[in-house]
Amino acid sequence: MTDDAPAQSVDASRPIAVAARGLSKSFGDTEAVVDLTFEARAGEVTGLLGPNGAGKTTTIKMLTTLLSIDAGAASIAGIDVASRPDAVRRVIGLAGQSAAVDEKLTARENLQLFGRLYKIPSGERTTRIDYLIERFELTDFADRVAETYSGGQRRRLDVVASLIASPPVLFLDEPTTGLDPHTRTELWGEIRELADNGTAVVLTTQYLEEADRLSDSIVIIDEGVMKASGTSADLKRDLERDVLEVHVASRSDLPQAAASVAGTGASASSDPEGTRLQIPLTGGAHQSLSILRALDAEGIEVADFQLRKPTLDDVFLAMTSGGGAR
Amino acid sequence: MTDAQTVSVAVPEPGLGQRFRWAIQDTVTMTWRDLLRTRRQPEMLSFAVIMGVFFLLLFYWVFGGAIAAGAGVDYIQYLVPGIFVITTLTGAQQTGTGLAADLGEGVTDRLRSMPMSQFAVLGGRTIADALRNIVGVLLVALVGYLLGFRFASIGGAIGAIALAVGVGYAFSWMNAAIAAQVKSAEMVGMLSMFWLFPLMLASTAFTPAEQMPGWLQGFAKWQPISVVSDAARNLSNGIPAGDTVLWSIIWIVVLLAVFVPMSVAIYRRSA
């Protein structure tokens, strides 16, 4: 993984690999996904971003034939999901929390199992498995039973298992949840490379950083509804609001500081553990002056402040109900 | 945006013959996987296999004397073929609990998202359990031999074991249906009390129907475990088996005809 930002533009010349049109799904009275429309293109990573319970996994399950579609339609590589699920299963790979591996089998046996079920001929299958084990660095534990794996090893095998048949469309459901930062960065690099080689990758994440760094295009979902979509740069531009960040010297001042900011007509959000207030500016840069004056008038000691461009975090907070995302 | 071209992968719809070949191939693969899993859990295997020997010794030593009187033959000759059937029946119960646990694991979702025969998930499991049942039955035959049991002929031995394994296989599918429906190993275990014990105890596997209360005799004579026990006993002892073999085969076919499509349908629907 390099630190270069991924190409931040939706390239309309890239062919559409996944098309969801008005997808909806309810469980009883709960509407899990409501009228969701988006596209994912070959050679791009499309991130479905949202807090827990936003409907991301439900969406993935509908697209991968694991759940029936209540309303709307979806097609994968031009194949209608509802009417030809078996054909769709030939062109997709699935990994992450909605899929897993056989705990009682070794990595190699798991890959043999899936390779056989994909009807990959024996010789080709073994070559492919050897290649994947080496390429994704499973060698050290490839012949150990999966139930002995660490979270990172298991996730890595899970992703590799979804690649066994070289699918043109890959679904990764929260692929990096629970991974340590190092393993996560490595996995990002591998996902990026798959996309660069032409695979259409659809991943779900509740990590803003992951969506920001990895995705060419982002779909923000909350409570089953799409709130925004576009590239990370588009989303930030749409927000068009600079953010004033104020660090108060004492944490106990935070509620009072928030109140005095509110008194100026702005709204402040803060993280409960910190000493930092985030204030989206609606009235331009000079608004920050009146806010700082108000804080000063209240006798609140400001340790530091800065004016910055919005991050995806700000977009996310503005678009969703807020909870759960990091 | 929508005027962009679409990735289109030609995926031909497989013909009936192709689908059939794939289903067999997948079932073989899934059987391989289930046997591999069994090998990784030797305690599960030994429990299942030893169950039959446990019943044999229990009934031979504990109840043997009391029951033997009405059996008409030496009790060990009466008991062992019945235990064959009891062995495969308890093995069939494990199909349910094992499958329910399996369906709860994430790997099942992966299998569902793959272009494979959905029948194979259940088919592989039931075949692996049937193979395990054969081991269990052979072990019962071996311990029976040490206790003085003898087959009258090789043909009779093969026939008796085949019928016992066959009816166990049929009940495996009944349990697969239950497991696909309730998806909880605990529930499957509890529900099995309602069919396993009546079928087992109100049967002619351990004791002749004539020794049971009159109201129970009709059920005890005609229920599948009794019919197959009688057939296995007749074949083992070289007694003309008459209709018992035919009725055993009818029971096995009927149970399979009902429960194979039912469990596959339930498994598909619960996707």
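**Figure 1. Contact between chain B and chain A in the predicted model.** The contact draws 29 residues from chain B and 38 residues from chain A. On the side of chain B that touches chain A, the elements giving two or more residues are helix H1 (16-40) and helix H4 (106-112) of chain B. The most is given by H1(B), with 8 residues. By residue class, this side of chain B comprises 12 nonpolar, 8 polar and 9 charged residues.

**Figure 2. Helical architecture of chain B.** Chain B holds 10 helices and 0 strands. Read from the N terminus, its elements follow the order α-α-α-α-α-α-α-α-α-α. Along the principal axes, the C-alpha atoms of chain B occupy a box of roughly 85 × 35 × 35 Å. Of the 271 residues in chain B, 48% are buried. Among the contacts in chain B with a separation of 6 or more, 84% are made by residues 24 or more positions apart.

**Figure 3. Domain division of chain A.** Chain A consists of domain 1, spanning 16-236, and domain 2, spanning 241-309. Taken over C-alpha atoms, the centres of domain 1 of chain A and domain 2 of chain A are 40 Å apart.

Figure 4. Ser166(A) lies in the loop that links helix H5 (151-162) to strand S7 (169-173) of chain A. Is Ser166(A) buried, exposed or partly exposed? Ser166(A) counts as partly exposed because it has 14 C-beta neighbours inside 10 Å, a count between the limit of 12 or fewer for an exposed residue and that of 20 or more for a buried one.

Figure 5. With 17 other C-beta atoms within 10 Å, Glu223(A) is partly exposed.

Key
Residues are numbered from 1 along each chain as its sequence is written. Chains are lettered from A and ligands numbered from 1 in the order in which they are written. This is a predicted model: local features need pLDDT of at least 70, side-chain atom pairs count only at pLDDT 80 or more; totals for chains, interfaces and linings use all residues. Helices (H or I, at least four residues) and strands (E, at least two) are DSSP runs, numbered from the N terminus. Two residues are in contact if their C-beta atoms, placed from the backbone, lie within 7 Å. Domain bounds come from an automatic or database domain assignment. Ala, Val, Leu, Ile, Met, Phe, Trp, Tyr, Cys and Pro count as nonpolar, Asp, Glu, Lys and Arg as charged, and the others, Gly among them, as polar.
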